[in-house]
Amino acid sequence: MAHHGIKSMTLFLISALVQLGHSADLPHPHEQTRRDVDTLSSGLQRPPQAPFVWNDTAESVKQIGIEFTANAQTTVQNILASVATGNATFDNVILPYMQTDNINTALLYPLSAYAQSDKKDVTEATNEVQANLSAVYVEIYTNEKLFQLVDTVYQANVNDTELSEEQQIVLKNLWGSFSDLTFSPTQRDYIHDLEGRVGDAASKFAENANAPAPVYFTAEELEGVPTELLNTFDKTNATGDNAGKLSFDANAYSVYVAVMTSAVNATTRYTLFLAQSRIAPENEPILEEYVRLQLQIAQFYNYTSYADYALAANIAQNHTRVNAFLEEIRTNIVSHTERDVADIAQTKQNDTTAVSLVGERDIAYQWDGYIYPELEKENLYNVNVDKIKEYFPVNFTIPALLSIYGEIYGLRFDRIEGKDADDLSPTGKGDDLVYDPSLLMFAVWDDDKNPSCASANISDRGFRGYLYLDLFYRPPFKSTDGGFENMFSPGYRKPDGTLHYPSVRVITNFIRSENEALKPSLIKYSDLGVVFHELGHGMHDLLSVTNFTRTHGTFGVPVDFVEFPAQFMENYPRRPEAVKRIARHWSSLSPQAAEAWRKEQSDPNAPLPPATLPDDIAANVVSTSLVRRSLDQMRLVAFSTNDQQVFQATSIDEINSTDYVAIFNDKFRNLTGLEDPSDLGQGDRWGYPALSFTSYVNQYGGSLYTYLWCQSYAEDVFATKFAADPFNSDEGMRYRTQVLQYGGARDPAELLREYLGRDPNLEAFIKFANGQNF
């Protein structure tokens, strides 16, 4: 029997709560039918499904947990009372169970989003409910009578079936959830103990790895760091060595990168690099125990290593294929990586502004790997990052970016705000439709005015769902790190045949302007990729049409397919014509903006910059994406190769004799070619970045190669189908309806083969990694 049992189901639930989310079909205060009117106040079309209402309390969350439990238990009781082994079928056993699974998923998942709100009590109640639901799954998936029915259906369909591919997928998934019943009570206790200890170790490792790591610098030591970032740093009241210094968290990755990219003082960068590399030394025994436990679990299920256990459900399937994949990339990009490192060293040697160097002037160290590529971009392409971001104001760039998605995928994005929000809200209060006033909310529709959309084979044409953009850094509820997409309500088909539509959030952390109406928030060119990427996930989730939540969008596909639709969209900010479409200088947005810009120049008569981005500048901006690209891909090869080395261990003795700190440092230094403190005589345990590398203990442990794997798909599809005409709506609709629309209801690898007309390959990716834009 497949090894995806209770642990896997519980992890699915928890990971989805963390990364994605939901609402419901049951009578519930969050989602009720509104007035029978076809339009909203502004004339916009009224969506057929009310949006989620963010008005939970700690008590209502507890009631959701009770309702979830009652739904699950009642469904199981009804199945057992009405079906005997002799007449068990998909329709009377699997379907009713999965329909309740749909409803419960939609009922529970929106609660994850409260983590970005000011409702701390709701978040705490949600965590408590999550913890309690594990017992519900244990009760269900150790029910022998229910398993007999599920197994009867499975055995009847395992070789010869009239079921659809989606039905086969969910049947196999549900059947595998009962794997505990194939073990003796002693074996069951053993594996549950291991799984519990793995969870405890992962939680403790992540807690330590994510702990704040405050660092202290004088304003002089932070010379070059943008003022807007300096203004977010704490002004310490400390005494002694840190008196009067500025403080920030070295473990806040986006802040770390920003300082490493801009601080001209090399000692500052070196000090910060070491601080970020020396987080959580207490994690060393925890990591060793974690790897031992995972190997024991894998071998319990008859896998040689944890890597093969983790890879079994992926497209890659086994470590042999992953190793060959990583080695093929390494051999094909190593010479270009060496060139990138040499370019960093040369730029550093030519830098006359460098202050307080650490190490040799003509050597590229890891703490040089951020600032000098930025200087290289300026030198090669005459691009000033701060000047260029003035062309990407949030209030222009985001709507323009959505128009690109609309053109490619045949969509219309209707902004829900003001009186329309009041009309649409089940409570009559538009403010209840968002958990923070800064959110942008859209109803997403198929755009039948787009000829390609009108003629496409779209399933259930019409409304597609809700999109929420949570764009701004909002302490303490949002960190400054990166971005993510969260499907908090996956789609599915209800028993009456209609759809429950998905809702997704895209979360970024841009620094908000003090006066959006006068000078809007600005997006750095390098951050545009984040928005394109996360909206790519959003399209996968909004455009998927499936019968079950377990097969919907990002929920339904293997981990080595999840990133592909998002990475595919990252090609657009690498095209000058796309960049020009989303660029407009903020001073041109209003007379007040023009006046504000001139005030910044200290010249009331200063000529305004061109309103649109000139062609030559757009071309240069896009060319900056080529700088350090091979090195960036080799970094991923290093991380992925190290991940496989850790989890391909086949014995406890091998694990006990492995120095995870040293192999992480050595692998990264040797593959990237960037020197580290070991080259300054500090040994191979100069720091311990491995001990804060949380990918070891989340769903990417043993599967970190997936970013490169998905990137290879993304470049193959873009180069083959879109490079000649990136905005081709006909091709966009083929991609949408032949790949994205199925979610995980069909084998995604087969969908991709059918779409390309061949097996995917690495040819386009190697060109991309070695410095070619398509």
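Predicted model: local features only at pLDDT ≥ 70, side-chain atom pairs only at ≥ 80, totals over all residues.
Residues are numbered from 1 along each chain as its sequence is written, and side-chain values use heavy atoms, leaving out hydrogens and water.

Now show strand 2 and strand 3 (residues 246-249), an antiparallel pair joined by 2 bridges. Strands are DSSP runs of E, at least two residues long, and helices are runs of H or I of at least four, both numbered from the N terminus; strands pair if DSSP finds at least two bridges between them. Widen the view to the open sheet of 3 strands, ordered 1-3-2. Strand 1 (214-217) and strand 2 (234-235) each have a single partner strand, so one side of each is left without a neighbour in the sheet.

Next, pick helix 13 (residues 319-350) and helix 26 (residues 629-647), whose axes come within 7 Å and cross at roughly 145 degrees. Axes are lines fitted to C-alpha atoms, for helices over the stretch in contact, with angles from 0 to 180 degrees between N-to-C directions. The residues of this contact divide into 10 nonpolar, 9 polar and 4 charged. Here Ala, Val, Leu, Ile, Met, Phe, Trp, Tyr, Cys and Pro count as nonpolar, Asp, Glu, Lys and Arg as charged, and the others, Gly among them, as polar.
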